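Welcome! Here is a short briefing to read alongside the sequence and the 3D view.

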Amino acid sequence: MLGDLQLAYLGVEVPDAAAFGDFLTDVVGLVPGDDPCTWRNDRKARRVVVTEGPSADATFVGFEAASPDAWTATVDRLEDAGYPLMHATEEQADARRVERLGFLEAPWGPRVEVAHGLAEAEQPFASPSVAGGFVTEGKGFGHVVFGTTAFEESHHFVTEGLGLRQTDWVETEIAAGIELEIRFYHCNPRHHSLALARAPFDLPQRLHHLMVEVADRDDVGYAFDRAWKAGCVIASGLGRHPNDEMFSFYVASPAGFQVEVGHGARLVTEGWDQNRRYDRISTWGHQPLQPAIA
Ligand SMILES: [Fe+2]
């Protein structure tokens, strides 16, 4: 059922945790979570969990089931589809601040965790730089996009195992002879909580980007200004996607993978019947930018 799952949290390993944390706080506008090296964008205790290490990539991605029944249904569906989970110990679940937890390796690499009961933070959410806050209610933390050579196997895992549904897809020639194919998957009204790109070879980073959606359109502009002022690489300037209609830009994090800050994406409704191909990534914009040379 639409809304049974949400993207709950993302674990990343980065070479410089302090620089990455400063980026999440000062540029993206997240606030510290319940432990050092955790960050959040709403009332939940944590949404990003950072560890320091050489890989500069996602280490785990957590989906939260809306109810104990939805958690059991997701676990059963994964097992029926041939993807048995490890059931976490109480200590492992406590470490994630959740009540129930199962996990398994995703075909595209990082561990996928199926959780229920992600704890709330002790303090209410307020970001000093994102006055309007983030859009998460009923839609989860945001979305994540991975590249993988195990594209079809991952599609099976996501649709038949996790139970996400394909929203639509992009197939486009990004350069002469180079095709890009991305499939977008939803599990609640957010257009996609997960997307997978078909990679022609094993990529050094599987995580392409994570997206957070701000409630006020001007907060995209303020985030852009902070990224610009901080001298970050603006991987894609302001633009709009044709499928989710998100108005957004992409900034490279200190770990290389990107963060998309967006606003105004359209929603998926029950009985979605618009699973179709788009032949471009952007309606307009999303050009790579460089600060002007002084
Ligand atoms: Fe995105």
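Is His143 buried or exposed? His143 is buried, with a relative accessible area of 1% (buried means under 20% relative accessible area and exposed over 50%, with a 1.4 Å probe and protein chains only). This is a predicted model, where local features need pLDDT of at least 70, side-chain atom pairs count only at pLDDT 80 or more, and totals for chains, interfaces and linings use all residues. Residues are numbered from 1 along each chain as its sequence is written, and side-chain values use heavy atoms, with hydrogens and water left out.

**The iron site**

- His143 (NE2), His209 (NE2) and Glu260 (OE) coordinate the iron ion at 2.0 to 2.2 Å (donors are N, O and S atoms within 2.8 Å of the metal, or 3.2 Å for Na, K and Ca; water is not among the atoms, so sites may look incomplete).
- Along the chain, these donors follow the spacing H-x65-H-x50-E.
- His143 sits in strand S9 (residues 143-148) and His209 in strand S13 (residues 207-213), so this pair, 66 residues apart, links distant parts of the chain (strands are DSSP runs of E with at least two residues, and helices runs of H or I with at least four, numbered from the N terminus).
- His209 also counts as buried, at 5% relative accessibility.

**Helix H2**

- The buried residues of H2 are Ala70, Trp71, Thr74, Val75 and Leu78.
- They cover an arc of only 135° around the axis, which puts them on the same side of H2 (the arc is that of the directions from the helix axis to the C-beta atoms).
- Exposed Asp69 and Asp80 lie on the face of H2 turned away from its buried side.
- After H2 comes Gly82, whose phi is positive, near 95°.
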